[in-house]
Amino acid sequence: MRKSSPKLTASEAAKIKALLKETDWNHAQIAAHLGGMNQGRISEVKTGKRFSEVAACSLQEAMKP
């Protein structure tokens, strides 16, 4: 039986957008920073398939664990 990953929140999406915009980190690095999130979720936020209406937060906020 497969373990499902936790639901992606708007707050996490804002952090993803900030990290994509303000750093040169790849999807794997962002996923690891956010607690082992699936890299596919990073891609979905980047392409606008998820949380397209959410704005990026500050880099300072995104860097918090």
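Colleague: Leaving aside its neighbours within four places in sequence, which residues is alanine 62 in contact with?

Modeller: Contact means heavy atoms within 4.5 Å. Here alanine 62 touches Lys15, Ala18, Leu19, His33 and Cys57. Bear in mind that this is a predicted model, where local features need pLDDT of at least 70, side-chain atom pairs count only at pLDDT 80 or more, and totals for chains, interfaces and linings use all residues. Numbering runs from 1 along each chain as its sequence is written, and side-chain values use heavy atoms, with hydrogens and water left out.

Colleague: Which nonpolar core is the largest, and what is in it?

Modeller: A nonpolar core is a set of buried Ala, Val, Leu, Ile, Met, Phe, Trp, Tyr and Cys residues joined through side-chain atoms within 4.5 Å; buried is under 20% relative accessible area with a 1.4 Å probe, protein chains only. The largest one has twelve residues, including Leu8, Ile30, Val45 and Ala62. H1 gives the most, with four.

Colleague: What covers the buried residues of H1?

Modeller: The cover includes helix H2 (27–33), helix H3 (39–47) and helix H4 (59–63). Among the buried residues of H1 are Ala13, Ile16, Lys17 and Leu19.

Colleague: How far apart are the end C-alpha atoms of H1?

Modeller: The expected span of a helix is 1.5 Å times one less than its number of residues. H1 (residues 10–22) has 13 residues, so it should span 18 Å, and its end C-alpha atoms are 18 Å apart, which agrees.

Note on methods
Helices (H or I, at least four residues) and strands (E, at least two) are DSSP runs, numbered from the N terminus. Buried means under 20% relative accessible area, exposed over 50%, partly exposed in between (1.4 Å probe, protein chains only).
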